[in-house]
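Welcome! Please take a moment to turn the model around on your screen before reading on.

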Amino acid sequence: MRDAMLITHFIGLAMGLGTSFAMMFLGIAASKMEESERGTFMINTSAVTKMGHIGLVLLFISGGYLMTPFWAALGTMPTMIAKLVLFVILGGLIGIMSAKLKKAKNGDFSQLLVIKKLGSVALLTGISIVVLAVLTFH
């Protein structure tokens with residue numbers, strides 16, 4: 001069962017972090033468009049964010065299972081605590097970006113600028129989580 005959960009965890013990681021990278025590159029492409037096309041393009045490509053949400057759910061479920069032998073020792077694992085805190089922050093960032101995206105879909109394209117900034121923070125947060133995971137379990 002552990003191997004299945006580890007595989008699920010890596011798939012969730014690919015989906016979650018892959019969404020951040022995809023949105024970064026789509027944002028770069030959108031920045032080269034005329035302003036009238038940019039908002040519509042970003043709204044149309046926002047379906048990619050569903051993949052990120054699914055990835056986070058997979059990470060949460062599989063991560064909870066994989067942590068089973070470590071919960072008792074969590075107090076002695078500062079990098080794991082930092083990783084878990086960053087995961088909560090990442091979930092919050094994604095929640096805020098989803099709310100902003102909903103407003104943008106209703107015509108308030110100014111929300112896309114906020115999403116772009118939060119997306120950069122989310123990408124750095126995701127990379128930091130991976131680094132902390134490696135440092136914790138090397």
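## Ground rules

This is a predicted model, in which local features need pLDDT of at least 70 and side-chain atom pairs count only at pLDDT 80 or more, while totals for chains, interfaces and linings use all residues. Residues are numbered from 1 along each chain as its sequence is written, and side-chain values use heavy atoms, with hydrogens and water left out.

## The whole protein

Let us begin with the overall plan. The protein has 5 helices and 0 strands, and from the N terminus on the order is α-α-α-α-α. Here helices (H or I, at least four residues) and strands (E, at least two) are DSSP runs, numbered from the N terminus. Along its principal axes, the C-alpha trace spans about 55 × 25 × 25 Å.

Of the 138 residues, 33% are buried. Buried means under 20% relative accessible area, exposed means over 50%, and partly exposed lies in between (1.4 Å probe, protein chains only). The protein exposes about 8400 Å², and carbon and sulfur atoms supply 73% of that area. Accessible areas come from the Shrake-Rupley method with a 1.4 Å probe; for residues, only the protein chains shown count as cover.

How much of the contacts with a separation of 6 or more comes from residues 24 or more positions apart? The share is 73%, where contact means heavy atoms within 4.5 Å.

The expected span of a helix is 1.5 Å times one less than its number of residues.

| Helix | Length | End-to-end C-alpha distance | Expected span |
|---|---|---|---|
| H4 | 28 residues | 40 Å | 40 Å |
| H5 | 27 residues | 38 Å | 39 Å |

In H1 they include Met5, His9, Gly12, Met15 and Gly16, and what covers the buried residues of H1 includes H2, helix H3 (48-66) and H5. In H4, Leu90, Leu93, Ile94, Met97 and Leu101 are among the buried residues, and the buried residues of H4 pack against H2, H3 and H5. In H5, the buried residues include Leu112, Ile115, Leu118, Ala122 and Ile129; the buried residues of H5 pack against helix H1 (2-31), H2 and helix H4 (78-105).

An α-helix has 3.6 residues a turn, so residues three or four places apart point the same way.

Is Thr19 buried or exposed? Thr19 lies in helix H1 and is buried, because its relative accessible area is 8%. Leaving aside neighbours within four places in sequence, Thr19 is in contact with Ala14, Val48, Thr49, Met51 and Gly52.

## Arg38 in H2

Arg38 belongs to helix H2 (residues 35-45). Its relative accessible area is 29%, so Arg38 is partly exposed. Neighbours within four places in sequence aside, Arg38 is in contact with Ala30, Ser31 and Met33. What does the side chain of Arg38 reach at 3.0 Å? It reaches the backbone oxygen of Ala30, a residue that is itself one of the buried ones in H1.

Distance along the chain and distance in space can be read side by side here. Arg38 and Gly63 are 25 residues apart in sequence and 37 Å apart in space, C-alpha to C-alpha. Phe109 and Arg38 are 71 residues apart in sequence, with their C-alpha atoms 9.0 Å apart.

## The stretch between H4 and H5

After H4 comes Gly107, whose phi is positive, near 110°. Phe109 is found in the loop between H4 and H5, and at 39% relative accessibility Phe109 counts as partly exposed. Not counting residues up to four places away in sequence, Phe109 touches Gly39, Thr40, Ile43 and Ala104.

Ser110 is in the loop between H4 and H5 and counts as partly exposed, with 44% relative accessibility. The C-alpha atoms of Ser110 and Gly39 are separated by 8.9 Å, although these residues are 71 residues apart along the chain.

Note on methods: A polar contact is a pair of N or O atoms within 3.5 Å; within protein, one must be able to donate a hydrogen and the other to accept it, and residues adjacent in sequence count only if both atoms are side-chain atoms.
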